[in-house]
Amino acid sequence: VSLAACGGPAGREKIVLVEGDAFMGPADAKVTVTEYGSPTCPGCKRWHDLFWPEVKRDYVETGKIKFVFREFAIHGAIDAAIFSIARCTGPDDFFSVLDEAFATQNDMVAAAQSGDAMPALRNLGAKFNLSEAQVNTCVDEPANIRRVNDVGADARQKGVNSTPTFLVNGVKLADSDWPAVKIAVDA
């Protein structure tokens, strides 16, 4: 899906949405780790801050795993909007947008709780060369909204009801801390 750029010289020339699952690592890795996560979830931020650098360095960048992030909007509209911005930045920046959302989680949550998250969302988008108009378009994009709804329905079918939840080769793990996930991955 391609969205036309609106809003003057600022912003990307063209928006290309992430299609399907956003992932890092080889598409054909023997092991796929899937995280159902939310950028406004304190547990997800803790996981991201404590374990993600090691996972990325030792498993993703070495080609041992395909790491899939599935957008589980546990906190509703603010999560859906952040995911929409990430999807609008394409596969190259998707995970960088999530990194930034985790880094600014307190500000994002405070903005959502104030009743007007759009300034914080526009700031997030601007860091990835999205104009204000592009952020507005991305947040309202039907394909992005559909994606969040579809992932939520899929997650519930798989018994996912909290974030972060991890699956290793499709098997849901009881424990989401990296040492437990690592055991499943190494096996």
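Student: Which strand do 2 bridges join to E6, and in what sense do the two run?

Tutor: Bear in mind that this is a predicted model. The partner is strand E7 (residues 171-172), and the two strands run antiparallel; within this pairing, Val171 in E7 is the bridge partner of Val168.

Student: With which other strand does E6 pair, and over how many bridges?

Tutor: E6 also pairs with strand E4 (residues 31-37), in the antiparallel sense and over 4 bridges, and in this pairing Val33 stands opposite Val168.

Student: How do I read the two faces of E6, and are their side chains buried or exposed?

Tutor: In a regular strand the side chains alternate between the two faces of the sheet. For strand E6 (residues 165-168), Thr165 and Leu167 lie on one side while Phe166 and Val168 lie on the other, and all of them are buried, so that both faces are covered.

Student: How many helices and strands does the protein chain have, and how compact is it?

Tutor: The protein chain has 9 helices and 7 strands. Its radius of gyration is 16 Å, close to the 16 Å that the globule rule gives for 187 residues, and it is therefore as compact as a globular protein of that length. Of these 187 residues, 48% count as buried, and residues 24 or more positions apart account for 76% of the contacts with a separation of 6 or more.

Notes: Residues numbered from 1 in each chain as written. Predicted model: local features only at pLDDT ≥ 70, side-chain atom pairs only at ≥ 80, totals over all residues. Heavy atoms only, no water. Rg over C-alpha atoms; globule rule 2.2 N^0.38 Å. Buried < 20%, exposed > 50% of the residue type's maximum accessible area, 1.4 Å probe, protein only. Contact = heavy atoms within 4.5 Å. Pairing = 2+ DSSP bridges.
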